[in-house]
Every structure is written in structure tokens, then in C-alpha cells.
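Subject: Structure for you to look at

Hello,

Please find the structure below. My notes on it follow.

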Amino acid sequence: MLDVRTKHANMEKLAEYRKGLFRQPQLRNLFFELTERCNERCLHCGSSCGDVQCSELPPEVWHRVMDEVKQDLGTDHKMICVTGGEPLLRTDFFEIMDYARQLGFSWGMTSNGTLITPDTAKMLKKAGMRTISVSIDGLADTHDAFRRTKGGWERAMQGVQNLIDEGGFKEIQITTVVTHQNINELDKLYKIMDKMDIDSWRIINIEPMGRAKQHPELLLTDDDYRYMFEYIRNMRMNGEPVCYGCSHYLGDEYEREVRDWYFLCTAGIYTASITADGDIIACLDIERRPEFVQGNVLHDRFTDVWKNKFGIFRRDLADTNEKCSVCPDKDRCHGDSYHSWDFDNNQPLLCLKDILAQ
Amino acid sequence: MKKTKKTALTAAILLAAANMTSCDFPWSADKNEEKTVYGPPDSVEVKDSSDADSNALSEFDPASEMPQLEYGPPDMFSDSDDFDASSEDPQDVYGPPVDSYDPEGDDVQTEYGAPEFLESDGDS
């Protein structure tokens, strides 16, 4: 384990930095949820995406938002992150995102990979995509069952390979959502991915949100969590480009060791999102509650909302909970990720610090 | 998967820390106690267990970027504001104090998550 005192000192600095971000938020990640439609039906989908009726913003609205951000905040140090649903289901996808390239924005996307043909990969590069994360949630049978898409794994892997063959992207990443059912496949998955020229493998845990709430059999046990984090750390010790995601405070043992940064929930201080129907929210992973909607791009200037709203996110969740408010890790955890806070019962849904400390 | 100078450096530092603390399992009985080091390890090994970017690894020499060998803070460490982790590689300090923070120094964040501050970007 890395020196705990160094970790504590750095996390204290980060806590101070975070307080400063409450006063001076810095937009760094702007998520565009282009659609809620999806050609898969993942059991764990936090947004319950699928073959749904979804009002979608036309390209000119997305263009206007990008114009506003460029005019008021600039394009430097910002990443537009395109997501969905499956964003490539939009036939006007390139009309929307090539505009980002023209304005000078860096952008990346998440995708299930099934629609990434060689021509699509070429177009993605031409439109200026820098990074992409493709979901692979187990070996073929597990992945297909989890995502309820026959042949999905083959198509997703081929999509990744088409991106690799095209080349020229800053980062091609595979993301695996670990569940109780696929956790034993990590080694076999590694052997497959090790033969692919991807830049990184992101391993994250299933969250009890969206459709996953209806599938408790998928949720990780405490032992599963411990195994998963130890697995990630061991992979990194072997020099593999594996990392955990951005969520959750992990405690002294694993902070900074399973990812290249310390925990910081950036919702509303670094990160904002625009949903498929134009609502301005903090993070797309956060439960869609009316009080979290800060505005709508159809009638609000995004940058005004970013500057003047988001107060509900620019505070410490830990202060609102009796147990968290007296926790010695309070200033490092600050109530953990916003998306995993139980706002009905005012408590974190998950305290990995406690689980991993056992 | 691509191995880079960055992943090799991360591996070297984690491995060195593990060798020093002998902390293999998170649920070991004394995992939360401070460990003492009885001398530095003889060498820091970077395992190369798969086809790696040979150019990146051939240029990387872990001996030239030794992680902290003595358990404990660096010589410059104090409990005051003088602590500066910027001399350690990779940089753990998560941005400078906010009052003097200038985002001009940040690069575009390509990983979704909190910023990652590295002294140099050795990735291809």
C-alpha cells in the first residue's frame, strides 16, 4: 500500500480544492445524452434505456449549446462526452458531433460497439472523436444474456477491432460492469483483451440503480468487492492499463491504487449533463429527480445555468447524514458519489470504505 | 492491451509499496497498522507479462525513477503547508491550492473523473 500519510495529505489538499470549486466551478466534462433509445436491453441500465419513446433534441439545439459554451467558457480543458442509450442510433450523429470538432472541442463517447462498422470508425475519426469506451460485460454468453442481445458480444468486439484497425484515436477503452455473475470471468476476459491493442480496461461495479434494482442477484457481495479491487490493483502492479472508475470513496487501502486519481465526485463542480430532452443536470448517473433538474436548454442558456444554479450539488452530502458527519473520512469522502446517495433516506447506498476495511 | 511508461511507473510504485508493507490482502489483521521498512528493496522489477509496447518499456528505466524507499514522509514533509508532493513521481497532489489555481495548466481530461495531474504525458 502506498504511504497512507502521503495519501491523507494529498486528499486534504483535494478537499480544500473541492471547496474552492463550490465557489468557482470549472466545467471540464459536459455530457450529451443524445438519445435514450438503445438497440440493447441491459439488465443493469441506470437509465432504463431501450426501445423507448424519447423526445430528442435536433442538431441545431446541440449546436447552439456548443456555441454558448465556446462563447462563454471556451473550449480549452473541456471534454464533451457523448452517451445515451446508444448514441450511434441517431442518424444525425455526425451532423451533431462534427460541429464539436469544427468549434475545437475535444470529445469522446460511450457505446455498446455493435454499430461500429469500419465505415463508422472512419467517420468517427473524421468527426474528431478522441476517446471511446465500449462496453463488454463478460464472456460471450454472459454478455449477451446480461445485455439481452443475441450476438451482441461478437458485434461489440468487432466494433472495437474496427476502431483499432482504423487507428488514430487518443484512447480506445473497454468498460466492464462487474456483477456477481461475471466476476469469475475477469481472468478469461483479460486473456482476450490482452491480445487486443486497446489502451485501457475500466472495471466498475454494478450500481443498484435503474433496471439493476430489479435484479438483486447481480449485485456484488462484500467479498466480491474485495476481490474486484484486489484484482484491479494486482493488474496495475503487473503494469496493465486497468483502472477502476471514478465513483466511490475507497478508503486508505485502495485510494490512488486502483485509479490514477483520488476520489472526487465532480457532479455540478466539474461535470454537467444535458439529457436527451434538454434538461440540464449534473451527472447522468444520478437518479432523475425533478429537484435535480437545473434548467432546460430549450429555454435556458446552458452557461447561465452552470454559473448560477447547481447549488444543490455544490455542498457536502456528508453534512446531511448523522453517521457520515462524524466519520473520520468525511472530508475525503464528502458523502461519496452523488449518484449512489439515497435521497429518500438521506444516506449513502454504498460505503465501500467500510466494506473494504473489513 | 497497451503498456506505456505510465503503466510501468504505476506498477513499479505499487510493487515497491507492496514489497515494503507486505500488504497482500486487504483483510489482513494488521493492514491498518503502519509498517516499518528494514532497508530498501534491492531492485524494483517491472513485470512484462504480455506483448508490450517495446519502445515505451525499452526507454523506461525504473531504477532512474525510484519510488520512495523509506517508509515515511519525504525529507521535505511537514505537517504545515510546506508539504509538496510535486517532487514525487507520479504527482499525487491534486492540483494546487484553489486560491491560486489556474486551469490554464490543465490538459484536457480524457478520462471521465477527477483530474489527473502528471508531470509528463508519456502515452502514445
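Chain A has twelve helices and twelve strands (helices are DSSP runs of H or I with at least four residues, strands are runs of E with at least two, and both are numbered from the N terminus). The radius of gyration of chain A is 20 Å, close to the 21 Å from the globule rule for 358 residues, so the chain is as compact as a globular protein of that length. That radius is taken over C-alpha atoms, and the rule is 2.2 Å times the number of residues to the power 0.38.

This is a predicted model, in which local features need pLDDT of at least 70 and side-chain atom pairs count only at 80 or more, while totals for chains, interfaces and linings use all residues. Residues are numbered from 1 along each chain as its sequence is written, chains are lettered from A and ligands numbered from 1 in the order written, and side-chain values use heavy atoms, without hydrogens and water.

Of the 358 residues in chain A, 65% are buried (under 20% relative accessible area with a 1.4 Å probe, protein chains only).

Ten strands of chain A form an open sheet with mixed pairing, in the order E7-E6-E5-E4-E3-E2-E1-E8-E9-E10. Its edge strands are E7 (242–244) and E10 (295–296), each pairing on one side only (two strands pair if DSSP finds at least two bridges between them). In chain A, strand E6 (residues 200–205) pairs with E7(A) in the parallel sense over three bridges. Arg202(A) has Cys243(A) in E7(A) as its bridge partner.

Regards

Note on methods: Buried means under 20% relative accessible area, exposed over 50%, partly exposed in between (1.4 Å probe, protein chains only).
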